[in-house]
Each structure stands twice: as structure tokens, then as C-alpha cells.
Amino acid sequence: MFNRACIARVPRWPAHSCNCLFLLLFFLTCGLFFSARLQAQSILAPSSSASESWSASSSASSSVSASGEPALVVTATRFALSPQDSPPGLSVITADRIANSSASSLPELLSREAGIVTRDSTGSPDAQIDMRGFGVSGDQNTLLLLNGQRLNEIELVSQRWSAIPLESIERIEILRGGGAVLYGGNATGGTINIITRAPQAGTRSANVSLLRGSLDTQELRAGYRAASDRLGLSLDLSDHSSDNYRLNNQLSQKNLAAEVRAFGDRSHLAFNVGLENQNLRLPGERTMAQLASDPRGTSRPSDYSG
């Protein structure tokens, strides 16, 4: 009787009142979340810089940025730090180094860094990356981030490195060693954070480059960035083709990356989109006798990977 009496005294809210209360709590929670996020971004991104927060892409070099301000890195601690305050296992590949290199793909560029090994058995630009000697499981132990967002595949396949045009990269931060505390899974060997170029308020720039090489290799790279005080646009494209060494191993890779960014007084809003198309022919295996007589031949002239 006592329990029933207690239950009887509990007021019952009408259904529409419960819905209104739920919506009110939902909007209050969203408001507090976005307010805290904007405050955190304002702390990490001073007003003198267009963007130096965790997911931003500021113009940086190994010690000083293009604007003369100290370069900042974010991968090691997920907060903006100067290179002098970062762990010794962190290295940065700047946009100038990328432009002056002869690399035609991200794995080729990364393979020139200490402690990074690549494996390619198909002629694809999406080679396997191995940090700190994990061997065939290197892809599953190296975390790939794009502006702080995880890109690792859940299947046992290589990351789609070719989906990121080299012209769109502002810098690459490489953190060697385990990063599971900060990033969770896939970061046992190390973390690679690719930070793309962003339009800077009140500026305009464009670049075009054409590369040619052996085996009928050619590549076109182009980029354009323009921004007013409140709105910015960034476009980057690349078109790479090569016959490669083996017969029936032709590669065609096309990429387009675009970003529209709205600048605010204390934060910014960005919309990114990327498109890619890869056509890779697969030459197949070779026996020892075939390698001795015709190393460039193919046993599968019709195989391909779209």
C-alpha cells in the first residue's frame, strides 16, 4: 500500500510537455557544445592567423611560416605547438619541399623520410606504408589523418593515398611511435597527419606545373585560391598517367579537391569535397623462366583495377 500510495503521488507529464522538454534540453545541449567548441577554436587559433587550430591548415615551414610567424604543429599533442616544443619523433614536410621534390605520389614522398618503408607490388600510387617495421601489417599500424580526420580503411587494404592531390597539401606532420592514447587504433607504429591548403582572407594565388618522365609518364598539377574578407575558395587538380615498366600496367589517375570557407570573427566554417578516378592495368605474375626471357611481359593482358 505504501508503494502504491507513493507512486500515485508522482505527477504525470502530458506527452506533448515531455516532447517540449526533450527538445528544450536538446537545443540547450547543442548550444553549449558549439559555444565550447568555438571558444576552444578561438584559443587555439589567434585572430592574427586565418586558422591554426587542430583541423586547420596554416601556412608553415620547418621554423617560420610564410607570414613570418612561428610555425605550429598539432599532431603530437592535438594542440598548436612550436616545433621546438614538440616531441623529437615529429617531423614536418612543408609545401616547399613537396614542390621541389620529384615525387609523383604521397607514398613516394613519404618513403624519403627516416623510418618509413613503402611496398608496391602492382604499380599503383597507393603503395603500402610501414612505420617502425610492422611488415605486411604496416597499413593497420600506421594512422593516416587528413586535417585531423581518420582515413584508415576498416578492411585489410592500403590507404587511398592517390585521392589526395599533392598540390592541395600545405604540410605533412609525421609522428613516430605509438599514438594510441591520443588517436586510438591504428596508431601503434606512428601517425601521419596531412594538412591541406586553405584560402587565406584577402589573398589570391594560382599555380600550374607540368612534369614529364620516362615510360611515357606525364602529370599536370594546378591550383587556385581566392578569398575576400568573409568567403574563400580553393581548387586543386591533378592528372597523372604512365605506362609503367610492365606491359599492361598503365596507370591513369585524376583528382579534384575543392574547399569553400566562410571566415568569422573568432572561427570559420569550411566545406570540402574531393573527386578521384583511377584506372590501373594489372600485368599479373611472372615465373622465373619468364623473368629471365621477358621481364616486362604480361600473362594477364586483360586484367585491370578500376
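This is a predicted model: local features need pLDDT of at least 70, side-chain atom pairs count only at pLDDT 80 or more; totals for chains, interfaces and linings use all residues.
Me: Which residue of β10 is the bridge partner of L220?

Reply: D239 is the partner of L220 in β10.

Me: How many bridges link β8 and β9?

Reply: Ten bridges join strand β8 (residues 204–213) to strand β9 (residues 217–227), and the pairing is antiparallel.

Me: And how many residues sit between β8 and β9 in their hairpin?

Reply: Three residues lie between β8 and β9. L215 is in that turn and has a positive phi of about 55 degrees. β9 and β10 form a hairpin too, with three residues between them.

Me: Which other residues have a positive phi without being glycine?

Reply: N186 and N248 are among them. Phi is near 75 degrees for N186 and near 55 degrees for N248. N186 is in the loop between α5 (180–183) and β7, while N248 is in the loop between β10 and β11 (251–263).

Me: Is N248 buried or exposed? What about N186?

Reply: N248 is buried, since its relative accessible area is 11% and the limit for buried is under 20%. N186 has 25% relative accessibility, so N186 counts as partly exposed.

Me: Changing topic. What is the strand order in the open sheet of five?

Reply: The order is β1-β6-β7-β4-β5, and the pairing is mixed.

Me: Why do β1 and β5 each have a side without a neighbour?

Reply: β1 (90–94) and β5 (149–150) stand at the edges of the sheet and each has a single partner strand, so one side of each has no neighbour there. For β1, strand β6 (residues 169–176) is an antiparallel partner, with five bridges between them.

Me: Where does T94 find its bridge partner in β6?

Reply: At R171. R171 is in strand β6 and is buried, with a relative accessible area of 2%. The side chain of R171 also makes a polar contact with the side chain of E173, at 2.8 Å.

Me: What about L90, buried or exposed?

Reply: L90, in strand β1, is buried because its relative accessible area is 15%, below the 20% limit. L90 and G177 are 87 residues apart along the chain, and their C-alpha atoms are separated by 9.3 Å.

Me: Which residues touch the most other members of the largest nonpolar core?

Reply: L106, L110, I172, I192 and I194 do, in a core of 18 residues. At least two core residues come from each of α4 (106–110), β3 (128–131), β6 and β7 (190–196). Nonpolar side chains in soluble globular proteins tend to be buried together.

Me: What is I172 in contact with, beyond four places in sequence?

Reply: The contacts of I172 include S91, V92 and I93.

Me: Last one, rings. How many aromatic pairs are there?

Reply: The count is zero.

Me: And what lies over the face of Y245?

Reply: R296 does, at 5.0 Å from the ring centre of Y245.

Methods
Residues are numbered from 1 along each chain as its sequence is written. Side-chain values use heavy atoms; hydrogens and water are left out. Two strands pair if DSSP finds at least two bridges between them. Helices (H or I, at least four residues) and strands (E, at least two) are DSSP runs, numbered from the N terminus. Rings of Phe, Tyr and Trp (its six-membered ring) pair if their centres lie within 6.5 Å; planes under 30 degrees apart count as stacked, over 60 as edge-to-face and the rest as tilted. A charge sits over a ring if NZ of Lys or CZ of Arg is within 6 Å of the ring centre and within 35 degrees of the ring normal. Buried means under 20% relative accessible area, exposed over 50%, partly exposed in between (1.4 Å probe, protein chains only). A nonpolar core is a set of buried Ala, Val, Leu, Ile, Met, Phe, Trp, Tyr and Cys residues joined through side-chain atoms within 4.5 Å. Contact means heavy atoms within 4.5 Å. A polar contact is a pair of N or O atoms within 3.5 Å; within protein, one must be able to donate a hydrogen and the other to accept it, and residues adjacent in sequence count only if both atoms are side-chain atoms.
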